[in-house]
Amino acid sequence: MGSLNGHNQLHVYFFPFMAHGHLIPAVDMAKLFASRGVKTTIVITPLNAAFFSKTIQKHSSSGRAEIQARIIDFPAARAGLPEQCENLDFITSRNLGMEATINFFRASTMLQEPFEKLLEQDRPACVVADMFYPWATESAAKFGIPRLVFHGTSCFAQCVGEALASHAPQQRVESDAEPFVVPGLPDEVRLTKRQLSPSAALVGGTSFLSQLFKRVRESYSEVYGTVFNSFYELEPAYVDHFRKILGRKAWYVGPVSLCNGDVEDKASRGKGAVIDKDECLKWLDSKEANAVVYVCFGSQADFTAQQLREIAVGIESSGQPFIWVVRGRNDVEEDWLPEGFQERTAGRGLIIQGWAPQVLILEHAAIGGFVTHCGWNSTLEGIAAGLPMVTWPMGAEQFYNEKLVTEVVKIGLEVGVEQSSTYGVKMIRSEAVERAVRRIMSKEDEVMAEMRRKVKGLGEAARKAVEAGGSSYADLGALIEELELMS
Ligand code: UDP
């Protein structure tokens, strides 16, 4: 068993998958543990460490428990990738494509050996390792260390994944577009095969990814427990289902983004923002409360120029003030904005090309709605900010999160995406964008008023959950206590 270090201080290792959607919450989680007196170490590669060095330095000078980074090299070249490819966001369908994504996962499996070397040297009391490192349980066990898994998604999505794996309803439909009920869940959830996450879609295959996802799924039952970036009040039926029906040990410690108290912390999550935080706040301050729609599709989204033009026309026709985050398009010559768009929307709209200070923006009083791809971090950040959402899932488990938002918790509207991008991208027309944006921002619509009231309540519940006496605060305390007793 791992041990408390020389000063009787618990030492927890965090080992995130090298993609922003996994790194950002892992670093927040490390900060959370450190705020409760736990020494934390983040295992990270050199280029990714650079994104967080300021955060870590700032934390260390605050007098709270130490957060250290342990650097391991990412074997990009050995896996056939460019040297600098240390983060999944380096890969787009336009530059390196699917083969590179697979190689990125291959490179990630090669981290086992250097990771074990670190464990041998540091002997932490516990390892919180990403779901994409299924071998981490065995690595930790070599040194008698318990391993917790971090999926980076909702408990709801995890329960859907488990139900699909054990009941396989997707194998009993006649076509990929035929809806089926996911059995055994607290709510009636319908999906089609085209909306499944890759781990469910690739079941039974022999490819590297199929085998990896199989191993990932199997590893869930081997871990000591699961740490969720979620909170009880958001998905109580699924927290209970996971614990009582699936019999899994789990702790709900989120929303972890709320550990970022000041403007600087909020603005500096992940990559450096391409817009100055003060400039961004000044722009938002000039708008009325709840007037601006924020449109952002996470760190991986990769739209065609044609789809971007449809989005542009949609948000322009909605008449709403907006902030629209567009992932860097420096590698594309093609025009992606309709002619005269910038002039016509000057003052009303702000396009951020590249990384935006998302949490800072979402929490501003001027923001009244969020068009999101339903990545779990973004979804939870939107909920914590009390914002109704337009859901635009693209892949991974995002269609499951969409169901949670639109049908289970009922705090958002679908824009109408029918299938994961791996099935081929279907264009969402400007009319659908306009309709959804108008509706989500509407002050007259009664259904929307109810959604807004509900999500505001959940935002307040999220804040209470992470404060002393709240459910997430208590869960984190219980986990730390359990780890201390085991050490
Ligand atoms: N994010 C950000 N600025 C951006 C894009 C993304 O700060 O311009 C953050 C966002 O706040 C979230 C994370 O990156 O914490 C994205 O994670 P998510 O699970 O939403 O989506 P993914 O990128 O994994 O698809």
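**Helix packing, ligand shell and backbone features**

A237 is partly exposed, because 14 other C-beta atoms lie within 10 Å, a count between the limits of 12 or fewer for exposed and 20 or more for buried residues. This residue belongs to helix α9 of a model that is predicted. Between A237 and W324 there are 87 residues of sequence separation, and their C-alpha atoms are 34 Å apart in space.

Helix α9, which spans residues 236-245, approaches helix α6, formed by residues 155-167. The two axes come within 9 Å and cross at roughly 50°. On the α6 side the contact is formed by C155, F156, Q158 and C159, which meet Y238, V239, H241 and F242 of α9. Sorted by class, this contact holds six nonpolar residues, two polar residues and no charged residues. In general, an α-helix has 3.6 residues a turn, so residues three or four places apart point the same way.

The buried residues are Q398, F399, Y400, N401, E402, K403, L404 and V405. They pack against α6 and α15, and also against the strands β7 (189-191), β14 (389-391) and β15 (412-414). After α16 comes K410, for which phi is positive, near 60°.

The ligand is surrounded by 19 residues, of which G21, G298, S299, G375 and S378 are the closest. Three helices, α1 (20-35), α14 (358-362) and α15 (376-384), each supply at least two residues of this shell. The largest share, four residues, is provided by α15. By class, the shell around the ligand comprises seven nonpolar, 10 polar and two charged residues.

Residue I42 lies in strand β2, which runs through residues 39-44. I42 is buried, because 24 other C-beta atoms are found within 10 Å, and a residue needs 20 or more to be counted in this class. Although I42 and F14 are 28 residues apart in sequence, their C-alpha atoms are 4.8 Å apart in space. When residues up to four places away in sequence are left out, I42 touches F14, A26, V27, A30, I67 and A69.

Several backbone features were also identified. Most residues other than glycine have a negative phi, and most peptide bonds are trans. The peptide bond from G254 to P255, however, is cis, with omega near 0°. P255 is placed in the loop between β9 (250-252) and α10 (263-267). A positive phi, near 45°, occurs at R123, a residue other than glycine. R123 is in the loop that connects α4 (112-122) with β4 (126-130), and because it has 16 C-beta neighbours inside 10 Å, R123 counts as partly exposed. For A396, phi is likewise positive and near 45°. The place of A396 is in the loop between β14 and α16. A396 is buried, because 24 other C-beta atoms lie within 10 Å.

Conventions. Residues numbered from 1 in each chain as written. Predicted model: local features only at pLDDT ≥ 70, side-chain atom pairs only at ≥ 80, totals over all residues. Axes fitted to C-alpha atoms, helices over the stretch in contact; angles between N-to-C directions. Contact = placed C-beta atoms within 7 Å. Nonpolar A, V, L, I, M, F, W, Y, C, P; charged D, E, K, R; others polar. Near = placed C-beta within 6 Å.
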